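Please keep the sequence and the model in view while reading.

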Amino acid sequence: MAPPDDAGRSAGAARPAVWRFDAIGTRWQIETPAPLDARARAAVLGVIAEFDRQWSRFRSDSLVAALAGGAAAVPAPPDASAMLDAFDALSAATAGAVNPLVGASLEARGYDAGYRLVDRGAAPAPANWQDVLSWDGGMLRLTEPAVLDVGALGKGRLVDRVAEALEPWTRDGLVVDASGDMVVRGGPHRIGLEHPYDARRAIGVVEVTDAALCASATNRRSWGEGLHHVLDARTGEPVRTIAATWAIAPASQPSPAMRADAIATALFFDGGPQLAAQWRVEWVRMSTDGRVEWSPGSTAELFA
């Protein structure tokens, strides 16, 4: 018998239909047993467009931009409670290192809506963010100007939403892959863990069945000397000790990709492994000196 290919299929197995497209600044790939029809594709693109209009800090007409521009309150999007409740847990677990009001800190380092990539120095996010931001009564409110950034878990949440939108067409399985954040229904799929310092290599392989896998690395969305998108909200400084993280949450959990994405962010800080254990998320992380750690239940096959 021939060995399985990269997707875990044996020789002779039917190849899935693959739909690739670009959205929210990243490459998407959706694998399904049969090609998706026009209605299914429209449903996916509609979900992504709506989420982007609500949460993107890179477009001037979003709800987040309205808040940053001085609006005291806007209608809360449907994902507000799920995501901001998760931020509460992330912030508590990491002693405030993860904070949804880190947007202005990222802009100060150059990662702004215009992609100017000009570093103006460290700017800590508001430590009392729960006093500044509220999400109850169907409204999203700020008591003072701030820039909301849901990058710590937002793409995972959107991957979950896309998978949910495709359920009527994909009862035999699917893979939604948004460049590092994915949901697998069915499987197994063997997936390489990309080396953060050499994209041609993997530090290991993990087999994913009915689960979400999310990854984060400091070599992605990086610019300038030592500048990248993973900031410690308490200081406004980029993380220096962890280079890459991977987290796997079972599909039986609510919003598994959002949880895996959140844990992939939390693993850059102390407290991340503890929250992962609490949420029953398995993980691997690599430090900047090349050491690799993993959770006790991790089934990843590691080379380094």
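A salt bridge is understood here as a side-chain nitrogen of Lys or Arg within 4 Å of a carboxyl oxygen of Asp or Glu. The model is a predicted one, in which local features need pLDDT of at least 70 and side-chain atom pairs count only at pLDDT 80 or more, while totals for chains, interfaces and linings use all residues. Residues are numbered from 1 along each chain as its sequence is written, and side-chain values use heavy atoms, with hydrogens and water left out.

By the rule for salt bridges, the count comes to 18. A network of such bridges links Glu 50, Asp 79, Arg 157 and Arg 161. Within this group, Arg 161 forms a salt bridge with Glu 50, and their closest N and O atoms are 3.6 Å apart. This pair links distant parts of the chain, since Arg 161 belongs to helix H6 (residues 154-165) and Glu 50 to helix H1 (residues 38-55), 111 residues apart. Helices (H or I, at least four residues) and strands (E, at least two) are DSSP runs, numbered from the N terminus.

How accessible are the partners? Residues count as buried under 20% relative accessible area, as exposed over 50%, and as partly exposed in between (1.4 Å probe, protein chains only). Arg 161 is buried, because its relative accessibility is 16%, whereas Glu 50, at 29%, is partly exposed.

A further salt bridge joins the side chains of Glu 237 and Arg 109, at 3.3 Å from N to O. Here too distant parts of the chain are linked: Glu 237 is in strand S14 (residues 237-238), and Arg 109 is in the loop between helix H4 (103-108) and helix H5 (129-132), 128 residues apart. Arg 109 is buried at 7% relative accessibility, while Glu 237 is partly exposed at 33%. The side chains of Arg 116 and Asp 112 also meet in a salt bridge, with 2.7 Å from N to O. In this pair, Arg 116 is exposed at 60% and Asp 112 is buried at 5%.

The description now turns to the sheet. Strands of a sheet pair through backbone hydrogen bonds, either parallel or antiparallel. Two strands are taken to pair if DSSP finds at least two bridges between them. In this model, 8 strands form an open sheet with antiparallel pairing, in the order S1-S2-S6-S7-S10-S15-S16-S17. Strand S1 (17-23) and strand S17 (292-294) each have a single partner strand, so one side of each is left without a neighbour in the sheet. From one strand to the next, the twist averages 10 degrees. S16 and S17 run antiparallel and are joined by 3 bridges, and Arg 285 stands opposite Glu 293 in S17. Helix H7 (residues 256-266) packs on the sheet, where it touches S7, S10 and strand S15 (242-250), and its direction makes about 30 degrees with that of S10. Contact means heavy atoms within 4.5 Å; axes are lines fitted to C-alpha atoms, for helices over the stretch in contact, and angles run from 0 to 180 degrees between N-to-C directions.

Gly 187 and Pro 188 are joined by a cis peptide bond, with omega about 10 degrees; Pro 188 lies in the loop between strand S7 (181-185) and strand S8 (189-195). Arg 280, in the loop between helix H8 (272-279) and strand S16 (282-287), has a positive phi near 60 degrees, although it is not a glycine.
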